[in-house]
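Hi everyone, thanks for coming. Please have the sequence and the model open, and we will walk through a few places together.

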Amino acid sequence: MTTFDIVIRNGIIVTATDKYTADIGINGSKIVDIGFDLKGHETIDATGLLVLPGGIDGHCHIEQEEADGTIHEDDFVSATGSALLGGTTTVVCFASHVPGRGLVEQFDAYREKGGNSRIDFAIHQIITRTDEQTIRDEIPVVAERGAAGLKVFMTYDDFHLTDGQFLQVLEAARKSDIIVSVHCENYDAIRHLILQHLAEGRTEPHGHATSRPPAVEREATYRAMTMSELVDQKIQIFHVSCPEVAEEIARAQSRDVKVVAETCPHYLTLTEDDLKRDGFEGTKYICSPPLRTKAAQDGMWQYLRSGVISIISSDHCGYTFDGAVGKGRHGRDADFSLIPNGMPGLGTRLPVFYDAAINGRKIDLTDFVRLTATTPAQRYGLYPEKGTIAPGSDADLVLWDPKKSVTITNALFQSNIDYTPYEGRQVQGWPVKVFQRGVLAMENGTVIAQPGTGRFLRSRRG
Ligand code: URP
Ligand code: ZN
Ligand code: ZN
């Protein structure tokens, strides 16, 4: 009888389709067998624990350079440590497209930065301009070098593309067979509403929500899908915040428009009332699209159950609350429109979503795995090495204690970021051991994986 390097014994294995009790045999970096009474040189008793595929967070801003030269304060070492503490073993993060440098140069430089990662990583390439070099020469090269997708913005001063530019990117993406993820909000409508707010002296953080109502997200989503239909190119709507938008996506999907969608735990667990917290505190909750209402939260679950929205990502943004580059970079009296957008969420993604989704009885465990690991792996060309538990897959495994209650504090995540939007939230269900490619990478709140142990993952599309 074979003796495996490691056997994980008697855990409840959960995949996107099954839930059953068995042993997992690991040799080197791979799962090689699943069965009963397997023998290992090392045996880990997982009785009473869930064994999940390592989480795949398909949308994380890590050490990303912004157009003004600032760099997100959560770097690869820090962010990927917090990922492991929360049960995530793969991140897909963003190479910038800032002025003055070419796309391929920025893709390659970002891949090199990722050399410090503690976990495996893939890269989305942001596109902010559509000169001939970018469209004709460079998009094919980053696709060829294994980018997981392209990302474009329909809003933000420094980034947004016009509809014509967006169409150019879609055409180029179609030729290179690469998905385009889209930040959908109507730039001009938001500018108009922001100016109105400021003229009325409504400068407090909650103005962020009222100046970006669901209609601006719904309209941009509809427009993005229309352009996808015109070009016959697959797109993904990132960070869907409310059912009004999900309903548009469902309609387009029913007409066979090639559109898929993502949402994030914060749209299911926090509300726009958090923006009303005392004074500057509310800025912790500024992200785009903004947090919505409790009713919107409730309406989102049916779209997760039906598959209209098929991925849960963190949209982790490594801005500090008190640091130099963070939320306060323009001073604490700055109006809401100047506050950097985004919230940290890489470490909290799985525990917060698990608690809301599983303890809240919204979806079942197989859906949880599908949304947080399997579909992201498939969508970004990383499956079946990543995203499932099967012979031949990488031994990226999370031993998850469904009974463990934890009160979330930022300190638990040991990162460069000085706050979590979930401070004080009690959740049940927590990762106690994480293996990355067969090696113990996190145990009971201690990060073991060293910087540089993560590998760049080339997306295998098609
Ligand atoms: O507020 C957000 N989401 N900031 C991060 C950038 C983006 O839009 O994804
Ligand atoms: Zn976005
Ligand atoms: Zn984002």
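Covering the buried residues of H7 are, among others, helix H4 (163–176), strand E10 (180–183), helix H5 (187–199), strand E11 (235–237), helix H8 (243–254) and strand E12 (259–263). Some ground rules before we go on. This is a predicted model, where local features need pLDDT of at least 70, side-chain atom pairs count only at pLDDT 80 or more, and totals for chains, interfaces and linings use all residues. Residues are numbered from 1 along each chain as its sequence is written, while chains are lettered from A and ligands numbered from 1 in the order in which they are written.

Helices (H or I, at least four residues) and strands (E, at least two) are DSSP runs, numbered from the N terminus. A residue is buried if 20 or more other C-beta atoms lie within 10 Å of its own, exposed if 12 or fewer, and partly exposed in between, with C-beta atoms placed from the backbone. Contact means that two such C-beta atoms lie within 7 Å.

Which residues of H7 are buried? They are Val216, Glu217, Arg218, Ala220, Thr221, Ala224, Met225, Ser228 and Val231.

Next, strand E11, which holds Gln236. Gln236 is buried because 24 other C-beta atoms lie within 10 Å. Setting aside neighbours within four places in sequence, Gln236 contacts Ile179, Ser181, Val182, Val260, Ala261 and Glu262. From Gln236 to Asn116 it is 120 residues in sequence and 28 Å in space, C-alpha to C-alpha.

Ser181 also turns up beside Lys151: not counting residues up to four places away, Lys151 touches Phe94, His124, Ile126 and Ser181. Lys151 sits in strand E9 (residues 149–153). Is Lys151 buried or exposed? Lys151 is buried, because 24 other C-beta atoms lie within 10 Å. An unreviewed UniProt entry annotates Lys151 as "modified residue: N6-carboxylysine". UniProt positions are given in the numbering used here, feature names are shortened, and annotations may be inferred rather than shown by experiment.

On to ligand 1. Around it are His61, His183, His239, Cys287, Ser288, Asp315, Cys317, Asn341 and Gly342; being near here means that a residue's C-beta atom, placed from the backbone, lies within 6 Å. This shell has two nonpolar, six polar and one charged residues.

Asp315 has a positive phi of about 50 degrees, although it is not a glycine. Asp315 lies in the loop between strand E13 (311–312) and strand E14 (316–317), and Asp315 is buried, with 27 other C-beta atoms within 10 Å. As for Ser288, a cis peptide bond joins Ser288 to Pro289, with omega about -10 degrees. Pro289 is in the loop between helix H9 (265–269) and helix H10 (294–306).

Where is another cis bond? The peptide bond from Tyr383 to Pro384 is cis, with omega near 5 degrees.

That's my tour; I'm happy to take your questions.

Notes: Nonpolar A, V, L, I, M, F, W, Y, C, P; charged D, E, K, R; others polar.
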